[in-house]
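Visitor: I'd like to go through this one with you, starting with the backbone and then moving on to the rings. Could you put it up?

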Amino acid sequence: MPIRNRFAELHPEITAWRRDFHAHPELLYDTERTSAIVTKKLKGFGCDKVVEGLGRTGVVGLIHGRGGAGGKVIGLRADMDALPIFEATGADHASKTPGKMHACGHDGHTAMLLGAAQYLAETRNFEGTVAVIFQPAEEGGAGAEAMVQDGLIDRFGISEIYGMHNSPMVPFGEFAIRSGPFYAACDSFTIKLQGRGGHAARPNNTVDTTLVGSAVVMALQSIVSRNADPQQPLVVSVTSFRTETDAYNVIPQHVELRGTLRSFDEELRQTALQRIRDIARLTAESYGAEAEVIGDEIPYPSMANHAAETDHCVTAARAVAGEAQVNPDAPRVTGGEDFAYMLQACPGAYIQLGVRTQTGRNAGLHHPEYDFNDEVIPMGCSYWVTLAEQRLAG
């Protein structure tokens with residue numbers, strides 16, 4: 001069952017939706033315009049029920065199958081929010097809001113799920129109910145958790161839930177997935193160092209926080225090499241080193257380090273977090289300075305696919321793309337994904353849809369030159385519909 005003919009017909013229209021979303025990006029929970037358009041379209045498609053305001057600005061549409069309400073309910077989720085990045089694509093549909101852009105393809109995710117919703121509402125070739133879920137605040141705001149806390153799973157009786165993300169790392173039109181931990185747990189940390197500032201010509205009269213910060217950065221690298229099982233993926237990266245002065249002749253009183261921890265195993269995650277705290281504090285003390293470590297306000301847990309639901313995704317993807325175009329043992333991703341919260345609350349799985357062209361020159365996710373590949377829209381829509389019909393077969 002290849003790409004549905006209906007999506008070839010709808011392709012220009014869905015592309016127009018996508019490009020409109022791209023031109024009007026919204027961050028985190030501030031997706032009022034996007035949510036309003038999604039709501040209007042779902043109602044226009046004839047969804048049996050449309051619920052707004054779940055997880056603040058999330059939208060859920062319910063589409064009953066040929067037997068009407070009742071039976072199993074499966075959820076299909078797309079994210080709607082953009083990123084605080086200045087766009088550099090030069091596209092006609094580029095962001096009209098400086099400093100905001102769809103650099104992760106959520107505009108494409110939203111458009112593809114809308115296309116699938118239109119088809120499902122037209123055909124209703126299934127039993128039970130499909131819940132199409134449009135989520136805000138994936139990019140650091142844990143919108144998935146907010147929707148779960150607002151009763152997403154229990155309120156609609158969802159028994160299985162599925163997500164999909166475009167990937168410039170995967171060849172165009174191919175699918176990639178794996179059972180178990182797929183995306184990493186993401187923790188950020190801030191280390192505030194306090195010493196004694198002074199004149200750079202007299203360092204003996206100071207406690208040099210620049211030196212202390214450098215020592216902390218180097219010491220943190222020992223966590224991966226000496227505290228982690230070599231067969232367990234772990235990433236510790238210090239990404240920011242800030243002092244309070246740019247003067248050449250001043251040793252600063254304060255230095256702030258920022259960084260991120262990526263992990264897949266919860267025990268190793270907790271060990272690494274404790275080592276970050278200990279290394280920062282004890283290294284600072286050894287130089288006569290003080291360290292304060294502040295953890296992430298919204299740490300994302302590792303996103304782990306459920307085994308049976310992963311198999312369901314593989315079956316649907318192979319029906320659309322062919323067996324050779326589906327990788328069921330894809331490499332783990334050290335990026336984070338808040339769909340993890342939905343998978344903690346309900347069985348389900350998350351799949352990647354490849355958008356990399358033959359030239360291989362695609363900009364990566366979160367890059368100012370990234371733009372979603374509209375040519376993949378019919379395949380993404382077909383996957384959603386095939387998955388829904390297979391899981392709700394009469």
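Visitor: Let's start with A137: is that residue buried or exposed?

Guide: Bearing in mind that this is a predicted model, A137 is buried, because its relative accessible area is 0%.

Visitor: And where is A137 in the chain?

Guide: A137 sits in the loop that runs between β4 (129-135) and α4 (143-149), and its phi is near 55°, which is a positive value in a residue other than glycine.

Visitor: Where do I look for L28, then?

Guide: L28 is in the loop between α1 (5-23) and α2 (32-45).

Visitor: Is L28 buried, exposed or partly exposed?

Guide: L28 counts as partly exposed because its relative accessibility is 38%, a value that falls between the 20% and 50% limits.

Visitor: On to the rings. How many aromatic pairs are found in the whole structure?

Guide: The search of the whole structure finds eight aromatic pairs. One of them is formed by F7 and Y119, whose ring centres are 5.2 Å apart and whose planes meet at 35°, so this pair is tilted.

Visitor: Which parts of the chain does that pair link?

Guide: The pair links distant parts of the chain, with F7 in helix α1 and Y119 in helix α3 (residues 106-123), 112 residues apart. Both F7 and Y119 are buried.

Visitor: What about F175 and Y383, how are those rings arranged?

Guide: F175 and Y383 form a tilted aromatic pair, with 5.2 Å from centre to centre and 35° between the planes. This pair, too, links distant parts of the chain, since F175 belongs to strand β6 (residues 175-176) and Y383 to helix α11 (residues 377-391), 208 residues apart.

Visitor: Are F175 and Y383 buried or exposed?

Guide: F175 and Y383 are both buried.

Visitor: Which residues do ring pairs link into a cluster?

Guide: The cluster linked by ring pairs consists of F182, Y183, F339 and Y350.

Visitor: Last topic, the arginines. Which ring face does R56 lie over?

Guide: R56 lies over the face of Y29, at 3.9 Å from the ring centre, while R332 lies over the face of F264, at 5.1 Å from the ring centre.

Terms used: Residues numbered from 1 in each chain as written. Predicted model: local features only at pLDDT ≥ 70, side-chain atom pairs only at ≥ 80, totals over all residues. Heavy atoms only, no water. Helix = DSSP H or I, 4+ residues; strand = E, 2+ residues; numbered from the N terminus. Buried < 20%, exposed > 50% of the residue type's maximum accessible area, 1.4 Å probe, protein only. Phe/Tyr/Trp six-rings, centres within 6.5 Å; stacked < 30°, edge-to-face > 60°. Lys NZ or Arg CZ within 6 Å of the ring centre and 35° of its normal.
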